[in-house]
Amino acid sequence: MITNKVLKKQPEHKYVQGLQSWYEPALRTLDGLLDIRRANLRKINRDETNAAVMRDEFVEMLMNEHRISAWYAGEIIASLLRAERIMMFGRFIQIIEKEGEA
């Protein structure tokens, strides 16, 4: 498990690179959770674009699936938010769809 002590010894650019290397696995995990939410909305004839995942659930899934600490999962989420890859409103998270993707 990655701990806070190990990361603090790294230079800043290495720390940022480490966080960015988690973008794709984290987004894949988030997309899987959102697929479940979209299916649930589809069942009750609601708009699928409203699908969102709670932050705590996303952190828990990152911890279980990728064996990282809750602190590091929070850092990854904060980094994704700063990079404008996800959108947070309250404690809910959605993926920001790029114009080239569909």
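Buried means under 20% relative accessible area and exposed means over 50%, with partly exposed in between. The exercises below apply these classes to a predicted model.

**Exercise 1. Find the backbone angle of Arg-67 and decide whether Arg-67 is buried or exposed.**

Step 1: the phi of Arg-67 is near 55°, a positive value in a residue other than glycine. Step 2: Arg-67 lies in the loop between H4 and helix H5 (70–82).

**Exercise 2. Carry out the analysis of Exercise 1 for Asn-45, giving phi, location and exposure class.**

Step 1: although Asn-45 is not a glycine, its phi is positive, at about 55°. Step 2: the loop that holds Asn-45 runs between H3 and strand S1 (53–54). Step 3: with a relative accessible area of 70%, Asn-45 is exposed.

**Exercise 3. State how many salt bridges the whole structure has, and describe the one that joins Arg-37 to Glu-57.**

Step 1: a search of the whole structure finds 5 salt bridges. Step 2: in one of them, the side chains of Arg-37 and Glu-57 meet at 2.5 Å, N to O. Step 3: this pair links distant parts of the chain, since Arg-37 belongs to helix H3 (residues 23–43) and Glu-57 to helix H4 (residues 55–66), 20 residues apart. Step 4: Glu-57 has 28% relative accessibility and therefore counts as partly exposed.

**Exercise 4. Identify the salt-bridge network that includes Asp-35, and classify Asp-31 and Arg-38 by accessibility.**

Step 1: Asp-31, Asp-35 and Arg-38 are linked in a network of salt bridges. Step 3: Asp-31, at 30% relative accessibility, counts as partly exposed, whereas Arg-38, with a relative accessible area of 18%, is buried.

**Exercise 5. Describe the salt bridge between Arg-42 and Glu-48, with the exposure of both partners.**

Step 1: the side chains of Arg-42 and Glu-48 meet at 2.7 Å, N to O. Step 2: Arg-42 is partly exposed, with a relative accessible area of 46%, and Glu-48 also counts as partly exposed, at 29% relative accessibility.

**Exercise 6. Name the residues of the nonpolar surface patch and locate Ile-96.**

Step 1: Met-87, Phe-89, Phe-92 and Ile-96 make a nonpolar surface patch of about 310 Å². Step 2: Ile-96 sits in the segment after strand S3 (92–95). Step 3: Ile-96 has a relative accessible area of 31% and is partly exposed.

Definitions and conventions:
Residues numbered from 1 in each chain as written. Predicted model: local features only at pLDDT ≥ 70, side-chain atom pairs only at ≥ 80, totals over all residues. Heavy atoms only, no water. Patch = residues over 30% accessible without salt bridge, like charges linked within 9 Å, V, L, I, M, F, W, Y side chains within 5 Å. Areas by Shrake-Rupley, 256 points an atom, 1.4 Å probe, with all protein chains shown as cover. Salt bridge = Lys/Arg side-chain N within 4 Å of Asp/Glu carboxyl O. Helix = DSSP H or I, 4+ residues; strand = E, 2+ residues; numbered from the N terminus. Buried < 20%, exposed > 50% of the residue type's maximum accessible area, 1.4 Å probe, protein only.
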